[in-house]
Amino acid sequence: MPRPLITLTTDFGEGSPYVAEMKGVVLTLNAEANIVDITHSVPAQDVRQGARVLDQVTPQFPQGAIHVAVVDPGVGTERKIVVASIEGQTYVTPDNGLLSLITRHFRPTRMVEVANPKYWLADVSSTFHGRDIMAPVAASLGLGVELSEFGPPIHDLLELDWPELEVGERLIRGSVVSFDSFGNLITDITAQHLDEFGDRTQLQVQCGTHCVNGLVKTYAQRPKDSVAALIGSSGLLELAVVNGSAAKKLGVRVGDEVTVCR
Amino acid sequence: MPRPLITLTTDFGEGSPYVAEMKGVVLTLNAEANIVDITHSVPAQDVRQGARVLDQVTPQFPQGAIHVAVVDPGVGTERKIVVASIEGQTYVTPDNGLLSLITRHFRPTRMVEVANPKYWLADVSSTFHGRDIMAPVAASLGLGVELSEFGPPIHDLLELDWPELEVGERLIRGSVVSFDSFGNLITDITAQHLDEFGDRTQLQVQCGTHCVNGLVKTYAQRPKDSVAALIGSSGLLELAVVNGSAAKKLGVRVGDEVTVCR
Amino acid sequence: MPRPLITLTTDFGEGSPYVAEMKGVVLTLNAEANIVDITHSVPAQDVRQGARVLDQVTPQFPQGAIHVAVVDPGVGTERKIVVASIEGQTYVTPDNGLLSLITRHFRPTRMVEVANPKYWLADVSSTFHGRDIMAPVAASLGLGVELSEFGPPIHDLLELDWPELEVGERLIRGSVVSFDSFGNLITDITAQHLDEFGDRTQLQVQCGTHCVNGLVKTYAQRPKDSVAALIGSSGLLELAVVNGSAAKKLGVRVGDEVTVCR
């Protein structure tokens, strides 16, 4: 049997000792756990970016993976902690919308509220449930403990409002959702949306004061320092500056409008 | 038998190739080692912050864990390298004070000086004993080599002066010891100290030009952008700016005074 | 049998979700893989620094290690992807010069072009071959798939021009190749070069407007804040500011000239 795979996604910052505390707790309870960091660079308390990371990355993981995500500005309040089964993987998170993007793509098959302190650390702090509740719950999941052991079933998760695309006959209006570490600008306009707009090389993409004529397949099809529009590796429309940073050059921000015209 | 667990704590920086060199050395000698990063973000040559990280994090790790800590401004000088058993875990570090905080809480049961080159790399550089001595010693510990094999027993470690709290009848005078990645300000005043000062909601906390009336249990009990005082996840008094950064807002530094009055 | 060891070296940035996607792909195909990060801090699209990292770090890894390196500005163009056996380890990289430094030190014993889509993800994007081709190829290598399965043999890799040292009777002229996380300045002048120049304590090292008389063995042989010249842990001449940063103090850059006179 392969070792249980437990991933961590937090806003603690790369190299945070808080992450290491969680790993210590997991390994104390489950010495065989294979712990993989997804990222600890979610901007502090930015549940939406945390939700985007889970939606982008976790579908690449194998069946049986256990994903712990801690972006938890409401720690210590009445917000619930949940365990959810989605597409054969299991998520342990605060119920604050962290799963509200992936659940638009995949329906959870089972969900429970984490309520049974039997599976928590003996002393639970008010400020670090990632270590005191979520890490030991994940370790126990990896040992084969059944979902129903952690608490009662629930049927709904907290949903966040995600901006809806406006799709007209000749225009799609979307927005900037993030920048990657290369400075590439990622939008919420998908390849599928563009499929209905015909020849991609004839489309016009606008963002801020920039206008790009035609999508390309790879960065190298445009000269250095020019702006390229293309479908990125997650199937989303991206704007990139060839060998440079769109984040720096385009002067736009997360939430700004992006349009595609035909 | 679970795989030997070897952790790394350094001031090399996240993503440093020096860390990767240490991992290569460990895995060459001990292919089954489970290597876990605690942090590589200790400020360069800051032995005190390294000591704080070990004291905060390693108690969360399981019995048998082997902790290698390399914050080593004296590399290549006469400073010793030591192996110490503390609470069922084993530490491999320069003898420069890195263990001087955890040893205030737990007494080492055995200590040896690392002196037997049999367990080192064949060529030892003058500037990187983490790779050439400490990594291979940790790998050998993970293979079951006895402490006494590495060198002669010692009975004392280098101690650093840690500022003592001043505890009066109505006042505790402590100091800022660090900031976490959220910008929360951590002090050296513990929950136990406050226990003797009565109702926490009646205490006054002062730091720099800021004064906070009453401790809370969670950040959410104070409005956004206000300063909250609370006991953090390590049992220490913290000052936090709700949904913000105390590091930025309070204008104080590590070492500055923090007082609690009743 | 130990678990297959797969390392990752990229320019995606520490904490990049792209790295996590690659790990998910590897673990989906090869649940037993032991994935180790070398670094994700190669400057964006800087193939030369990527080549330096591989040359510095991978010789520390054990026989059988599989190294995936993704610094790939030409992704989606005609550039090849290759698998190369070097000194008992296996490298999976774009053929863009990433291996052109290590191959100056060790001769590859076998090389193939990655051409057989059987070992790739079913859908290959135009912009992320690290995830779609190199990660699954590495996972398959870890399962024991033979090199010849991945594509036809090749006999040459793309070479980069690396500046040659100028070695005169009384002078060696080299250059700054990188700065480490302590701000130490690393040159391309090796210990072997200096061996032919006699007594190291009598040499003069010049860089920018700074001149250092005599090499030392360890930082501690020079007073705080002074500039020390010494052979670093990779066998290269370094300039360091004791307890400080040469990167900040010396005002020089990668590529600048460094000379040693006797």
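The model is predicted: local features need pLDDT of at least 70, side-chain atom pairs count only at pLDDT 80 or more, and totals for chains, interfaces and linings use all residues. Side-chain values use heavy atoms, without hydrogens and water; residues are numbered from 1 along each chain as its sequence is written, and chains are lettered from A in the order in which they are written.

**Symmetry**

- Two copies of a chain are related by a rotation about an axis and a shift along it.
- Chain B superposes on chain C through a rotation of 120° and a shift of 0.0 Å along the axis, at RMSD 0.0 Å.
- That is the relation of a three-fold axis.
- In chain B, the C-alpha nearest this axis belongs to B:Glu14, at 4.1 Å.

**Interface of chain B and chain C**

- The contact (heavy atoms within 4.5 Å) takes 30 residues from chain B and 33 residues from chain C.
- About 2,300 Å² is buried between chain B and chain C, and carbon and sulfur atoms give 56% of it. Buried area is the accessible area (1.4 Å probe) that two parts lose on being put together, summed over both.
- B:Tyr18, B:Leu27 and B:Thr127 supply 23% of the area that chain B buries against chain C, more than any other three residues.
- Zero salt bridges are counted between chain B and chain C. The rule asks for a side-chain nitrogen of Lys or Arg within 4 Å of a carboxyl oxygen of Asp or Glu.
- Polar contacts between chain B and chain C come to 10 residue pairs, both residues at pLDDT 80 or more. Each needs a pair of N or O atoms within 3.5 Å; within protein, one must be able to donate a hydrogen and the other to accept it, and residues adjacent in sequence count only if both atoms are side-chain atoms.
- Helix 1 of chain B gives the largest share of the side that touches chain C, with nine residues. Helices (H or I, at least four residues) and strands (E, at least two) are DSSP runs numbered from the N terminus.
- Only 7% of the interface residues of chain B are also interface residues in chain C, so the copies meet through different surfaces.

**Interface of chain C and chain A**

- Here 30 residues of chain C are in contact with 32 residues of chain A.
- Chain C and chain A bury about 2,300 Å² between them, 56% of it on carbon and sulfur atoms.
- Between chain C and chain A there are zero salt bridges and 10 residue pairs in polar contact.
- Helix 1 (residues 17-29) of chain C gives the most to the side that touches chain A, with nine residues.
- Only 7% of the interface residues of chain C are also interface residues in chain A, so these copies too meet through different surfaces.

**Nonpolar core**

- The largest nonpolar core has 60 residues, and B:Val68 and B:Val137 have the most contacts inside it. Such a core is a set of buried Ala, Val, Leu, Ile, Met, Phe, Trp, Tyr and Cys residues joined through side-chain atoms within 4.5 Å.
- Elements of chain B that give two or more residues include strand 1 (5-10), helix 1 (17-29) and helix 4 (129-142).
- From chain C, strand 2 (34-39), helix 2 (47-57) and strand 4 (81-86) each give two or more residues.
- B:Val137 touches, among others beyond four places in sequence, B:Val83, B:Tyr119, B:Trp120 and B:Phe150.

**Selected buried residues**

- B:Arg131 lies in helix 4 of chain B and is buried, at 6% relative accessible area. Buried means under 20%, exposed over 50%, partly exposed in between (1.4 Å probe, protein chains only).
- Contacts of B:Arg131 beyond four places in sequence include B:Glu21, B:Met22, C:Gln60 and C:Ser233.
- B:Ala65 sits in the loop between helix 2 (47-57) and strand 3 of chain B. B:Ala65 is buried, at 1% relative accessible area.
- Beyond four places in sequence, B:Ala65 touches B:Leu5, B:Gln89 and B:Thr90.
- C:Gly151 lies in the loop between helix 4 (129-142) and strand 7 (166-167) of chain C, and counts as buried at 14% relative accessibility.

How values were computed. Least-squares fit on C-alpha atoms with pLDDT ≥ 70 in both.
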